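I opened my notebook today to look around a new structure, one piece at a time. Come along and keep the picture beside you.

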Amino acid sequence: MEYNFNAIEKKWQTYWFNHKTFRTENDQIKPTYYVMNMFPYPSAHGLHVGHIESYTATDIMSRFKRMQGYNVLHPMGWDAFGLPAEQYALQTGNDPKDFTYKNIQNFKRQIIEAGIGIDWDREFATADSDYYKWTQWIFIQLFKHGLAERRDVEVNWCEGLGTVLANDEIEIRDGVMVSERGHYPVTKKAMKQWVLKITKYADRLLEDLNLLDWPEHIKEMQRNWIGKSTGAKITFKVAHSDLSFDVFTTRPDTLYGATYCVLAPENPMVLDITTQDELSTVKAYIEQTKQKTDLDRGDLNKDKTGVFTGAYAINPINNQKVPIWIADYVLASYGTGAVMAVPAHDERDYAFALRHGLDIVKVIESEEEGCYTGDGIHIESGIINGLNNDEAKETIIAYLESQGLGKKEITYRLRDWVFSRQRYWGEPFPVLFDEEGNTIALDESELPLELPKMLNIKPSGTGESPLANLYEWINIKKDGKFYKRETNTMPQLAGSSWYYIGYVLKTLVGFIPLNTEEARKELDKWLPVDIYIGGAEHAVGHLLYSRFWHKFLFDLGLVSTKEPFMKLLNQGMILGSDNQKMSKSRGNVVNPDEVIENYGADTLRLYEMFMGPLEADKPWNTEAIDGSKRFLERVWRMYYLPIEDAATELDFVYHQTVKKVTEDYEKQAFNTAISQMMIFVNEVYKQKRLSKEQAIGFLKLLNPIAPHITEELFQTVFNKKDTLTYQEWPSFDESKLVLNEIEVVIQVNGKLRDRVFVSPDEAGDIVKQKALLAENVVRFTEGKQIVKVIYVPGKLVNVVIKE
């Protein structure tokens with residue numbers, strides 16, 4: 001019987017969908033297992049093979065755990081709001097909602113055709129009003145608890161897109177900031193924005209990273225983004241004026257070595273202290289700085305540009321006058337927007353001082369030339385001479401506090417989350433402004449505040465969203481008073497910050513209300529997510545913001561876990577066959593629809609899991625996918641060999657395979673699990689038969705990776721009526737993993753001549769004797785002088801003869 005993968009796969013995909021095979025069970029006894037992917041943004045391009053890799057990995061885990069007796073939740077939804085759909089709508093005149101939901105249908109088709117076992121009863125899009133009703137409700141709770149407020153914020157404003165952009169949505173081209181999408185000019189601009197006070201949770205976000213089974217580099221990225229620093233805030237007076245400014249430093253012990261200060265170009269004091277001679281240069285530098293993102297000005301900044309203001313500050317510890325510079329590597333949004341520079345003991349300050357010819361004063365003893373940042377005895381440092389770093393820090397802080405010159409301080413790199421977008425396609429804010437400018441949250445009964453349909457969604461031209469053009473929607477009368485609505489919408493990350501909760505609460509008739517005891521019980525049952533798979537690029541965006549929202553919901557008593565995702569895996573990138581990132585411009589994009597049509601979904605799944613470790617980047621290789629298809633064809637033919645009641649010669653390799661595959665699935669080592677299954681298939685073909693237990697057991701092992709072919713063989717070969725989905729996972733017998741005999745190869749002068757089978761604990765002398773008596777060895781040693789016989793236990797015998 002031919003392996004007709006097209007017919008087989010269509011048959012089982014239809015069966016699973018119609019029978020809701022993967023619907024989460026209403027079972028209170030089975031242990032739960034919650035596995036999910038970072039959900040996709042439904043673009044017009046459809047899914048790529050990288051999506052299939054990630055979704056196959058979670059599908060393997062969900063199928064594996066179902067057979068192990070778990071009640072599995074494996075859902076899928078759609079990150080539906082956001083800028084790409086709106087830009088497409090603007091360019092084509094289409095409605096962003098119609099466009100997005102049409103794309104969703106295509107994505108869903110592709111996921112089904114890839115054989116991904118999803119509980120489609122849990123499906124939703126963040127743009128569904130019954131979902132974003134609760135996004136709006138969470139925002140109201142944040143507002144009522146003082147964690148959401150409107151304030152003037154300097155933002156990256158893009159006139160061409162008509163919205164504020166995050167730093168990671170900006171590129172630098174020819175020294176100018178432009179939008180990543182469309183390459184429109186971007187400028188810094190102060191605007192009234194909604195801000196969420198994530199900084200209030202900084203310590204908890206930092207500490208609870210220790211609870212998580214996440215890749216260490218992701219946790220380190222979050223630690224660095226939060227950027228907790230302990231040090232001192234020190235006051236510097238501006239010479240010949242009444243002005244002063246504070247600096248924050250983690251090295252107050254080096255204060256005696258501070259030879260200049262640097263202010264952020266945006267610091268409002270800059271123009272007040274700049275001398276007339278330097279004014280034009282300073283103003284020009286300020287304008288130049290506005291064309292750089294915070295990222296380019298910070299850790300990526302290698303240029304160390306800056307200009308002198310003409311003003312001087314007084315070092316409070318020794319009353320020395322030090323020049324005040326401005327430089328773009330100092331950010332107004334970080335610390336105090338001012339730094340004291342100690343070039344002898346800070347590499348960035350050292351590079352800046354060398355470039356601009358500034359003084360370098362050594363205050364820590366060391367034999368190293370140039371900049372020294374390590375521990376040491378302080379010199380030329382007055383009250384802290386002779387002390388090492390830690391003692392010197394404590395002493396200098398105590399002195400500064402006693403003199404009113406400074407104090408101990410903790411700062412964070414983390415900034416509050418700018419939560420407004422001047423766009424149409426997003427969640428409306430559930431608030432009203434009265435005539436006095438006060439903000440009033442809507443009642444729960446007024447939710448959802450639905451996004452009104454608009455024919456023209458062009459930017460308003462005023463810096464507000466297109467909703468500003470809807471006069472009747474904006475201006476309302478309530479209880480005899482006049483109010484205005486907020487015209488901004490929420491960012492795309494709003495809906496993705498709690499969607500893992502949405503899956504748990506989704507029912508066929510809507511969502512269980514988040515603020516109910518019923519919801520609490522369901523969330524207690526399923527959270528935290530057991531395994532979450534997605535890209536590392538979301539480390540300090542989605543992953544950080546969802547942890548923040550989760551902790552807030554924990555504080556409200558709505559969830560009982562401190563963290564949303566216990567185990568995180570980052571799938572690697574699938575590269576083009578040229579080893580480059582796939583892109584249309586390179587012409588190296590692989591369309592999964594074409595692969596499935598030509599090779600089948602099972603082959604695509606098997607190939608992507610066999611390419612290498614899940615977390616590694618891997619190049620696509622069409623020849624290798626041919627090999628995966630041939631393996632499945634070989635599996636298909638294997639089930640037309642004799643299947644008997646017993647095949648004891650396969651006992652060892654079968655139980656070895658069950659053990660290895662089970663252990664590898666548990667640690668998501670799918671490539672090595674496949675290797676072991678290939679070993680088993682090879683052994684079956686050597687024996688030309690297998691037992692019924694082995695045949696069915698192998699189908700179960702392969703099913704999570706290649707579900708269609710295994711379902712078909714289970715049904716047709718064994719006349720089974722049920723799906724493999726809820727069969728019991730095979731077990732292995734430890735006693736069968738002990739070999740009664742092992743194969744030892746025999747070489748004569750290094751060339752393979754024969755084999756013998758011996759007991760694993762056979763004495764070496766006896767193995768050598770058996771080797772010398774082997775038929776082919778006798779033939780090649782006859783009449784020759786045997787010099788020596790070497791035995792490598794359990795592996796080989798080498799007979800050395802004199803030619």
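**Entry 1: the cores.** Before I start, a term: a nonpolar core is a set of buried Ala, Val, Leu, Ile, Met, Phe, Trp, Tyr and Cys residues joined through side-chain atoms within 4.5 Å. I also note that I am reading a predicted model.

I looked up the largest nonpolar core and found 114 residues in it. Which residues have the most contacts inside it? They are Y34, F419, I501 and W620. Helix α5, residues 129-144, gives the most to this core, with eight residues.

Next I clicked on Y34 to list what it touches, leaving aside residues up to four places away in sequence. Its contacts include L73, P75, Y500, Y503 and W526, and D530 is also among them.

I then found a second, separate core of 55 residues, which includes A57, Y665, F680 and I709.

Entry 2: I moved to helix α3 (residues 83-92) and helix α4 (residues 96-113). Their axes come within 9 Å and cross at roughly 120°. Where do they meet? On the α3 side I found A85, E86, Y88 and A89, and on the α4 side P96, F99 and T100.

**Entry 3: a hairpin.** Strands β5 (residues 170-173) and β6 (residues 176-179) run antiparallel, and four bridges join them. I picked out I172, whose bridge partner in β6 is M177. Two residues lie between the strands of this hairpin, and D174 in the turn has a positive phi of about 55°.

Zooming in, I saw β28 (residues 742-748) pair with β29 in the antiparallel sense over seven bridges. For V745, the bridge partner in β29 is R755. A reminder to myself: in a regular strand, side chains alternate between the two faces of the sheet.

Key
Residues are numbered from 1 along each chain as its sequence is written. This is a predicted model: local features need pLDDT of at least 70, side-chain atom pairs count only at pLDDT 80 or more; totals for chains, interfaces and linings use all residues. Side-chain values use heavy atoms; hydrogens and water are left out. Two strands pair if DSSP finds at least two bridges between them. Buried means under 20% relative accessible area, exposed over 50%, partly exposed in between (1.4 Å probe, protein chains only). Contact means heavy atoms within 4.5 Å. Axes are lines fitted to C-alpha atoms, for helices over the stretch in contact, and angles run from 0 to 180 degrees between N-to-C directions.
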